Amino acid sequence: MKQKFMQDLQSVYDFCTQQKNELNLLFSNLENKNYEKLKIIDDFANILELEINDISRLAILNRLINLREDSLILLLSNLGLSEEKIDEKKEIAFDFVAKFWHEKQKERVRFIEENHLLNHFYRTIFAGVYEIGLKFTAWQKVWHKKIIIENNRFLSKKFDNDDAKTMEFLSEKNLLDLGHDEKIAERCYSVLEIKGEKYKSIAYSQAFKNEVFAIVDKLEELEDKLINIEDEIFGQKWEYILYFQELIKALSNSEPNKLVSLWANVDRAWMKITTPFQIGHPLEYYEDHYRKAVALEWDLRLANPNALSTNRAQIITNSFGQIFKQLDNEFENNVIYNFCVSSIKKVQIYISQPALFFGSQFNGLFSAQVVPNDEVVSFEYGKKIFAYSQNILATQRAKPFMRISKIVFGDEFVKSERKFLFSNEQDWYRVYDISTIGHEFGHILWCDENTETAMNKSGNFKNIEEFKATTGGLIAHFCDLENQDLNKFVLVDLIKRSVGLISWMETDDVRPYYCEGLIHLDILFGSKVLYFDGQQLKIDMNQYDAMKKIYMDIYMDLAQTYLAKKDASEFLNKFCIKDGKVFMPINSNVKAFVEYYYNLYKSIGQELDTEDCKSNYAI
């Protein structure tokens, strides 16, 4: 019975993969100017009242297929539209994208039901997650309008974009949720209600009553169905039911200072579910810079039945021990060291893909994720790491070649990187393991249950945390003598990522990644790997060892910052400072390059490279 189930799971996984691959072909149709096959893209452009050309088509493809908003926002900004008009068109785009993907995912539900795949229990979960997801999507629109557009812009204006003053105000007025031990939590499940000069926090269930209880109704329906069905494959019926019950309790509660504890119980119940059917609920909090209101994630992730294993956990643990020993002779008795090592040992890894996704995820899916963020829960149960390696490789191969890459990096660098992408799949997965899965493990290091709250007084914790994560993965690679043959490819990946993140300078939702890029660039320029002469970026791959030494020194400084739980701004401001609404580098050469690249990105960032084509790198 289980063998048949796993075969069915593979069929479902393959169907989702095939469906995404077919959608990725739309990029090839753009590259090959097969415009007759891009009707849906042209229809999307007409709804947005955009001129139809290759630049607008690419922006819309990125929005529809890759769920990325940045290209569309750049296009709208270049048209000189007001902030209000851009908001309006972004909402229209969200509706179009959501309707498109709802139908694609409905096809996945039908495929399972019509072919009688899986079994009754998991068919019911699959269909139930879909129905609940539709309600999350409806909620996302009003959530975003209330918290991001109304509240956060009000706070930004009130405190003149000074994050530290905003955080001080929220803390002094008791407008942040309390978590474990009645201490200020690192996240919120509530909304700031503003009436004149009066402010208070109200739970999601009160701020979005209709939307929340529409979800609760669907959760109760699914729970009722599952009570009468057995999980004959994994024996986790009651784990799923308890999970849904905890979700209902957390969503329904109306007392803001009980919410973090209730959602911790959701995470505890969720950590006990270890099947290939992994549901994703509200976990992350990137969009809301101030109160860290948790975003409306809702999805179903299918683990790949044939995924290769990884020993990244052991590699990370070894390097973490080496670094900690240099900082603390009694490191094995250090509470934070033991906290982190314990969390790493309990990590569950799922090489998977999102089979269903809704709500906030129509504004971008993860390339990988480590959750829960609640460190009390993580100490008890560990974390789950999700890696979408197969999806990411397919997406990177489908993306058109861009003119800006050749201008910035030069012909030799670009062609070498493209050859690696299309011709060296095994090593590509090894680099993904180092950089992306390593990044997710890197999040676990140097933190205990109150690190984030202690370091976020000025609102900048997330703006150094992504750097800490990526660099934790890099340091592990530096200490791992068995994979040094990948040094060049790891460095190329780092350079591409660091430069590419500049394009997110004015995209608030991903500010932590933009800040991460600025710190990487400071190191890459400081080690002479990169140099900008005012007109062209120079790349010297022979400076790897110099770069490695600087990374080790800065990571040691970062680790001490975390161990002492200093305000994150102390570390961040060594590399960049806020200039109005955006952060800019302190190093003059880095700043000159960042300004050069961003201006170039705004002017030609959506233009295709017509001098090279993918047939030159045929697999």
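**Notebook: core, loops and backbone**

I started with the largest nonpolar core, which has 206 residues; Trp 139, Tyr 204, Tyr 243, Phe 277, Trp 298 and Met 547 touch the most other members. For a nonpolar core I took buried Ala, Val, Leu, Ile, Met, Phe, Trp, Tyr and Cys residues joined through side-chain atoms within 4.5 Å. Buried means under 20% relative accessible area, exposed means over 50%, and partly exposed is in between (1.4 Å probe, protein chains only).

I noted that helix 6 (residues 120-158) gives this core the most, 12 residues. Helices here are DSSP runs of H or I with at least four residues, strands are E runs of at least two, and both are numbered from the N terminus. I also found a second, separate core of 11 residues, with Met 167 and Tyr 290 among them. In soluble globular proteins, nonpolar side chains tend to be buried together.

The model is predicted: local features need pLDDT of at least 70, side-chain atom pairs count only at pLDDT 80 or more, and totals for chains, interfaces and linings use all residues. Residues are numbered from 1 along each chain as its sequence is written, and side-chain values use heavy atoms, without hydrogens or water.

Next I looked up Phe 277. Beyond its neighbours within four places in sequence, Phe 277 is in contact (heavy atoms within 4.5 Å) with residues including Phe 5, Tyr 122, Tyr 240 and Arg 301.

Then I took the whole chain. I counted 25 helices and 11 strands. Buried residues make up 60% of the 619 residues. Of the contacts with a separation of 6 or more, 75% join residues 24 or more positions apart. The C-alpha trace spans about 70 × 65 × 55 Å along its principal axes.

Is Arg 68 buried or partly exposed? I found it partly exposed, with a relative accessible area of 34%. Arg 68 sits in the loop between helix 3 (54-64) and helix 4 (70-78). Leaving aside neighbours within four places in sequence, Arg 68 is in contact with Asn 62, Arg 63 and Trp 504.

Last, I checked the backbone. Most residues other than glycine have a negative phi, and most peptide bonds are trans. The bond from Val 371 to Pro 372 is cis, with omega near 5 degrees. Pro 372 lies in the loop between strand 6 (368-371) and helix 14 (375-381). Asp 160 has a positive phi, near 55 degrees. Asp 160 is exposed, at 64% relative accessible area, in the loop between helix 6 and helix 7 (163-172). Asn 161 has a positive phi of about 65 degrees, and Asn 161 too is in the loop between helix 6 and helix 7.
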